[in-house]
Amino acid sequence: MSTPLHRLSPLEVTERAACMCDHGDVCSSFTPGHALHLIQARLASATSSEWVDGIVESADAVSGDLIVRDLDGTAHALWNGSGAALEAAAGTPVALHPRYHVLAVGRVQFNVASV
């Protein structure tokens with residue numbers, strides 16, 4: 001007689017998954033706000049007309065929350081777990097690609113989640 005296997009549903013697996021950045025390590029997830037995927041960066045680069053210039057209005061390095069105000073006055077509330085708020089203090093000029101969720105601070109790019 002064989003032992004029945006206990007199978008986890010996809011929902012249970014998703015709920016239990018935790019990114020390594022939750023434990024102080026490098027991001028192991030490419031979901032919005034975590035590590036920037038190479039394809040994501042290339043798509044943002046290939047659609048250069050969709051970048052929006054802005055200024056960081058506020059940045060909280062502890063929580064990873066940023067507010068970027070574009071030149072039209074629209075505020076974008078963003079979150080990044082891999083250090084965007086450390087790189088982009090209040091008053092820093094940035095570029096945001098809303099379609100592919102990329103924030104560029106100088107030459108460094110971050111995957112951001114809209115909050």
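I'm counting two residues as in contact when heavy atoms lie within 4.5 Å. One caveat for this notebook: the model is predicted.

**Entry 1: H97**

I started with H97, which sits in strand 4. Skipping neighbours within four places in sequence, I found H97 in contact with A44, T47, E50, W51 and V102. With T47 there is also a polar contact between the side chains, at 2.7 Å. Buried or exposed, I wondered about H97? H97 has a relative accessible area of 0%, so it counts as buried.

**Entry 2: the core**

Next I looked up the largest nonpolar core, and it has 13 residues. Which residues have the most contacts inside it? They are L66, L78, V94 and L103. Strand 2 (65-70), helix 3 (84-87), strand 4 (93-97) and strand 5 (102-105) each give two or more residues to this core.

**Entry 3: the whole chain**

Zooming out, I get three helices and seven strands in the protein chain. Along the sequence the order reads α-α-β-β-β-α-β-β-β-β. Of the 115 residues, 33% are buried.

For contacts with a separation of 6 or more, I see 52% coming from residues 24 or more positions apart.

Conventions: Residues numbered from 1 in each chain as written. Predicted model: local features only at pLDDT ≥ 70, side-chain atom pairs only at ≥ 80, totals over all residues. Heavy atoms only, no water. Core = buried A, V, L, I, M, F, W, Y, C linked by side-chain atoms within 4.5 Å. Buried < 20%, exposed > 50% of the residue type's maximum accessible area, 1.4 Å probe, protein only. Helix = DSSP H or I, 4+ residues; strand = E, 2+ residues; numbered from the N terminus. Polar contact = N/O pair within 3.5 Å; in protein donor to acceptor, adjacent residues only side chain to side chain.
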